[in-house]
Amino acid sequence: MYTQSDIRAIHLEVTTHCNAHCPQCPRNIDGGARNPNMPLTQLYLADIEKIFPRPDFPNLKRIQVCGNYGDAIMARDFLEIARYLKSLYPHISITLATNGSLRPVDWWRDLAVHVDHCVFGIDGLADTHALYRRGTDFDTIIANAKAYIAGGGRAEWAYLIFRHNQHQVDEAHRLSQELGFHEFSAKATSRFYDEGRKAATSPVRDESGEIVYRLEAPSDVRLGNAELDRLDQTLLGDAQKFNDYITSTKIDCKAISRAKLYISGEGHVFPCCWVGNIYPSDKSWRDTQRGGAILRSGGLDLLDAKIHPIGAILEGEFFKRTVPEAWKCGPDRLKVCSKMCGEVDINLAQYVDYTPRSEDREEEQLEA
């Protein structure tokens, strides 16, 4: 796919721990019980020193810290990790995506020295924010964001739009400007669909599995995901058409075009966070399509950057042959690659109105 010297961007997850219970996040079951197949782990400073022993990426421009499953502010050593990465690559930009609802304000001021850009997931105002970002506190996030901004950091307010908070987008935008945020990103999540069928609602469960309320997609068409609506009219309403699309669409791999790789909270190296999202809640990773591809390539240990140099992993079976082979048209191609890098891009279409269409924020998984 590419070599180590090609890499311009690294997407790094440092933990699978999180204080929030967001209903559309794969780390839990609709915001309730934790995903039983997801390992709870984190990368310590010593692990990062093994993964990045030297400044071996001559063309590296940025590191994006964002989780498939966790939030970096839960990682014990994250501040030290950011400091270490900056010492190796003083010229790069480090971006953190977070719910922002932990740590004292002094920690956030210190963070601004090492993290150039911080994306705070704030989905509404004080009365609506926690309906999605469950387990977080609006006032705490605002205080932490203000401390980060005061420390010289560049902050972004990332706002996921639902029916329950669509009426507050303009007010939140104005507040972000008053508080000194540099950017405001409004997003219509692409997660209101499942296996080719659009959904109008999404359940929110408690720890016992009972549905306590439902999330609804925005009713204001100006704030919806236009590409998802287009797909619903052409493909998603028909399972066979959707399957035909998945097995035949042209794949233009974003990991290759952006020269980017993903390192999971366990230290495993994948082309992107989408391929690296390997833990479903209803089965073992070994029984999934992605799991089969990993096993055919020799198993997860061969993708572990704590054990093997990243350059050797990129030259290994998984990157060199297994993934490119899985792009061939037919029933065995990786569905995730068709969904995320096919001809229709529902992920990019999440962004509405105020949004800078950055390569980093287009890919973020912390949206849920």
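# Reading strands, helices and buried residues

Me: Which residue is the bridge partner of His11 in strand 2?

Reply: In strand 2, His11 has Gln64 as its bridge partner. This is a predicted model, in which local features need pLDDT of at least 70 and side-chain atom pairs count only at pLDDT 80 or more, while totals for chains, interfaces and linings use all residues. Residues are numbered from 1 along each chain as its sequence is written, and side-chain values use heavy atoms, with hydrogens and water left out.

Me: What counts as a strand or a helix, and when do two strands pair?

Reply: Helices (H or I, at least four residues) and strands (E, at least two) are DSSP runs, numbered from the N terminus. Two strands pair if DSSP finds at least two bridges between them. In general, strands of a sheet pair through backbone hydrogen bonds, either parallel or antiparallel. Here strand 1 (residues 9-12) and strand 2 (residues 62-65) run parallel and are joined by four bridges.

Me: In what order do the strands of the open sheet stand?

Reply: The order of the nine strands is 12-11-1-2-3-4-5-6-13, with mixed pairing. Strand 12 (269-270) and strand 13 (351-352) are at the edges and have a single partner strand each, so one side of each has no neighbour in the sheet. Further along the order, five bridges join strand 5 to strand 6, and these two run parallel. Leu160 has Lys187 as its bridge partner in strand 6.

Me: Which residues lie on the two sides of strand 6, and are they buried or exposed?

Reply: In a regular strand the side chains alternate between the two faces of the sheet. A residue is buried under 20% relative accessible area, exposed over 50% and partly exposed in between (1.4 Å probe, protein chains only). In strand 6, Glu183, Ser185 and Lys187 are on one side, Phe184 and Ala186 are on the other, and all are buried. Five of the five residues of strand 6 (residues 183-187) are buried, so strand 6 is largely enclosed by the rest of the structure.

Me: Which residues of helix 3 are buried?

Reply: In helix 3 (residues 105-114), the buried residues are Trp107, Trp108, Leu111, Ala112 and His114. Their arc around the axis is only 160°, which puts them on the same side of helix 3. The arc is that of the directions from the helix axis to the C-beta atoms. They pack against helix 2 (78-88), strand 3 (93-98), strand 4 (117-121) and helix 5 (138-150). Contact means heavy atoms within 4.5 Å.

Me: Where do the buried residues of helix 12 lie?

Reply: The buried residues of helix 12 (residues 317-325) are Phe318, Phe319, Thr322 and Val323. They cover an arc of only 115° around the axis, which places them on the same side of helix 12. Strand 12, helix 10 (289-296) and helix 11 (310-314) are among what covers them.

Me: At what angle do helix 3 and helix 5 cross?

Reply: Axes are lines fitted to C-alpha atoms, for helices over the stretch in contact, and angles run from 0 to 180 degrees between N-to-C directions. The axes of helix 3 and helix 5 cross at roughly 35° and come within 7 Å. The crossing is right-handed; a crossing is right-handed if the near helix is turned clockwise from the far one by less than a right angle, and left-handed if anticlockwise. Val105, Trp108, Arg109, Leu111 and Ala112 of helix 3 make the contact with Ala143, Asn144, Ala147 and Tyr148 of helix 5. By class, that contact has seven nonpolar, one polar and one charged residues. Ala, Val, Leu, Ile, Met, Phe, Trp, Tyr, Cys and Pro count as nonpolar, Asp, Glu, Lys and Arg as charged, and the others, Gly among them, as polar.

Me: How does helix 3 run relative to strand 3?

Reply: Helix 3 lies across strand 3 and strand 4, and runs at about 145° to strand 3. Helix 5 also packs on the sheet, where helix 5 touches strand 4 and strand 5 (154-160) and makes about 170° with the direction of strand 4.

Me: What is the phi of Ala259?

Reply: Most residues other than glycine have a negative phi, and most peptide bonds are trans. Ala259 is not a glycine, yet its phi is positive, about 50°. Ala259 is in the loop between helix 9 (254-257) and strand 11 (260-263), and counts as buried at 4% relative accessibility. Asp30 also has a positive phi, near 55°, and sits in the loop between strand 1 and helix 1 (45-51).

Me: How far apart in space are Ala255 and Ala9?

Reply: They are 9.2 Å apart, C-alpha to C-alpha, and 246 residues apart in sequence. Ala255 is in helix 9 and is buried, at 6% relative accessibility. Neighbours within four places in sequence aside, Ala255 is in contact with Tyr2, Lys260 and Pro271.
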